[in-house]
Amino acid sequence: MADLTIPERIPINLVVNGERRALEVVPWTTLLDALRDRLELTGTKKGCDHGQCGACTVLIDGRRVNSCLTLAVMKDGAEITTIEGLAKDGTLHPLQQAFIDHDAFQCGYCTPGQICSAAGLLAEGRARGADEIRELMSGNLCRCGAYPNIVAAIEQAMSRS
Amino acid sequence: MNAYVGTSTSRVDGRAKVTGAAKYAGEFAADGLLHGFVVEATIARGRIARLDTSEALKVKGVVDVLTHARRPPLADKDEAWKDEVAPEKGSPFRPLYDDRIKFNGQPIALVVAEDWETAKFAATRVRVEYEQEAFATDLESERDKAEKVDQPHKPRGDAAAALTRAAVRHEADYVLPSEHHNPMELFATTAVWDGSGGLTVYDKTQGVQNVQKFLCSVFGKKPDDIRVISPYVGGAFGSGLRPQHQVVLATLAALALKRSVRVVLTRQQMYGLGYRPMTIERVALGAKPDGTLDAIKHEAIAVTSRYEDFSRNDTGWAEQLYKSPNSNFSHKLVDLDVSTPCDMRAPGAATGVCALECAMDELAVALKLDPVELRLRCYSDRDQSEDLPYTSKQLRECYARGAEAFGWSRRNPAPRSMRDGKELVGWGMATGVWEALQMPVAVRIVLTANGHAEVSCAASDIGTGTYTIVAQVAADALGLPIENISVRLADSTLPQAPVEGGSWMAASSAHAVLGAAEEIRRELARLAKAMSGSPLADLDAANATLTDGMIASSEGRGAAVSIADVMRHSKLERIEKEKLNQFAEDKSHARNTHSAVFAEVKIDEELGIIRVTRIVNAVAAGRILNTKTGRSQIMGGVVWGIGMALHEETVMDHRFGRIMNANIAEYHIPVNADVHDIDVIFVDEPDDRINRLGIKGLGEIGIVGVPAAIANAVYHATGKRIRRFPITLDKLLE
């Protein structure tokens, strides 16, 4: 019979939204669960836990990543930006404001992932028009079907950045 | 008066949603919170012969494993398990009730541990042995066992005879697969134990009071023992109408262990909840050479479970749309070893109207008539089933406005006649129809002397925009800026509301707000009159108006007085009024929303790849409370229609009675790249009969007609008629 004991916890440090956070995690804890359950940053969403929906997208060292496919222990020392870290001093990030202006969400559950993914997309500088935005944002599902408004919001933020 | 109603006000909950501050059911913290993980049955029918939890219990961090043999008491009468929207006939499913297995994926145990990963790991250590029984899960092989349920509409004339003598006839089966809602949020419940037997239950639901009453009856609790809260819901689309497994399991575990417990279903486990049932729709149309109908026959055969009869009105929509002296409708069910289906966006209409509108397109081809022209020749100004006029029906205008915006007049009717480079181009259209329902809802308004109002109601906002329209209507009715209105929803202790569904919440909640605001206005008028030396001493309460924080007479007599002054003078800090709004019953008119949908597809003929490049959806749905969120509702419906036409299908392996694509990668929903131009047109439709504000609701109408318009466009592009949905590229290449 297999060993039924849980592996030892490993200490790690994450820099989350500019703040250094020390925690101990078992090796199988995903970055997503560490953020939601351990650091109480529930803005990052779990929609599938399989990298299929994009709701858990965060920025790691500036790149957009599915946090459900990332083990927390792999990111010791990394800089992580979640949806809670985008607004500065109460002023919304241009993407957050654009999402409100264009009604780029309904239920709001995919929204943090969409916005983090869009922030990563802008940083990549690969998208030049609507067709490319659609293609490069297709890893973030929205069941409410707000896609045209999401594209419009990203175009607004792109034109102002 | 209308500073906000009818405008494009941005969502009042927008900031919470874009900053991550909005909390969903599985995100509420509690001291000593435990985590439950569900173990599911892996057979379709039979009984549990042996369930061994000993290994799971040995895992460090596991607190308990609940099973049918180890759990607190559960109600044993079916009535106790029937929630507000349970099917009339049947015995609702009871998680962990006994050893019977009714469907593959049924929850059979709940592993409860100190953290989620431990519970998940330990769940793999629960050993189950079954006694399997013969089962059936395939609608098509069991089609002959279909039994008729109550007819949706009385037959008129003799449709069979009229079909026999019809000059032009079209008859075909259209097959619509089972579909799953797949809201982005996982179904979750956090049941918070208060230390003395009471529970606060944060649940993903479309109706907190429905869940609260259900839990009280299932667990034999008093109303004060359980409070259900659901401030934000990450999509539901019908899947959250009935109380779901996780809320029973979390509550069960919290009561068993006297601790707070969270249960979150996995995406895979959510395929054991309700779904849109697979339906075979047989439509027969008989027409005269001039394009008028003489006969309509529509029969639907749908899946249900063996333990409940779930059926919706698939057939009979033609009674609202197309004149025909002879009609016959029937709905049949096949009992299978699956979980009970449930409502999914525009239940019945999304599927039934899809079949009807594909059939109408085929009839237009047979008659060599333009599809829009055929619909105009058959246009019905009355609901034929009850022979009633409509409170309003601007469908003709939908056809005209939609066709114009789309450029329909430039369509070459011949299939395969239009191209764009190497892609075939197809243009198709269809009609949509849904009901304009309204329900009793109560609202409480607390107006405070600082000019702020809190508006509260138990209704849910599942992303539909209820928070926003409630704020808009209240701001207008109270004459306050919308920033001074705060809205509280989805707490079972708030004033009465039904589940949010059927497109009824906009009209129902808006009129409840008006009713409560009316009480506030009367009270303010009474107080204003009573002020010593009041400039409004002659005020007739019925003529009092509230505008810009002032109360005045609508007749212009006397000066306006600020609401703040009235309250200060009356030594009142707050005025609280609650009112239940009930709509007068009026059976003299039919109440429906309508739409005309136009679709363009482009198809790579060699690869069979289909792109929906343009959709125009012209909707007549009474007054639109918020043009921004309203447009989003219709756009979302259109995206769902694209999914229904081209992508979505729950695929079952009938050898095991198990769903094969129970995840969100192999169950295809539209992604951003699948969606192109969507043009939403709201046709003016004043309606002073349906209700005071002329509201009809938008949640369902956006999807209805869209799959048929796309299917008809695919035919126009390729000359191939695909009657089995979704229209995937393999079917085009066959």
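**Briefing: helices and chain contact**

Helix α15 of chain B is mostly covered, with 18 of its 20 residues buried. The model is predicted.

**Helix α15 of chain B**
- α15(B) runs over residues 627-646.
- From its first C-alpha to its last, α15(B) reaches 28 Å, close to the 28 Å expected for its 20 residues at 1.5 Å a residue.

**Helices α9 and α16 of chain B**
- α9(B) covers residues 349-367 and α16(B) covers residues 706-718; their axes come within 8 Å and cross at roughly 30 degrees.
- Because angles under 35 degrees count as roughly parallel, α9(B) is roughly parallel to α16(B).
- The crossing of α9(B) with α16(B) is right-handed.
- On the α9(B) side, the residues that meet α16(B) are B:V353, B:C354, B:E357, B:C358 and B:D361. Their partners in α16(B) are B:P707, B:A708, B:A711, B:N712 and B:Y715.
- By type, the residues of this contact are seven nonpolar, one polar and two charged.

**Contact of chain A with chain B**
- Chain A puts 52 residues into the contact, and chain B puts in 51 residues.
- In chain A, at least two residues of the side that touches chain B come from each of α1 (31-38), α2 (94-101), α3 (111-124), α4 (130-136) and α5 (147-160).
- α5(A) gives the most to that side, with five residues.
- The side of chain A that touches chain B holds 26 nonpolar, 15 polar and eleven charged residues.

How values were computed:
Residues numbered from 1 in each chain as written. Chains lettered and ligands numbered in written order. Predicted model: local features only at pLDDT ≥ 70, side-chain atom pairs only at ≥ 80, totals over all residues. Axes fitted to C-alpha atoms, helices over the stretch in contact; angles between N-to-C directions. Helix = DSSP H or I, 4+ residues; strand = E, 2+ residues; numbered from the N terminus. Parallel < 35°, antiparallel > 145°, perpendicular 65-115°, else oblique. Left-handed = near helix turned anticlockwise from the far one by under 90°. Contact = placed C-beta atoms within 7 Å. Nonpolar A, V, L, I, M, F, W, Y, C, P; charged D, E, K, R; others polar. Expected span 1.5 Å × (residues − 1). Buried ≥ 20, exposed ≤ 12 C-beta atoms within 10 Å, placed from the backbone.
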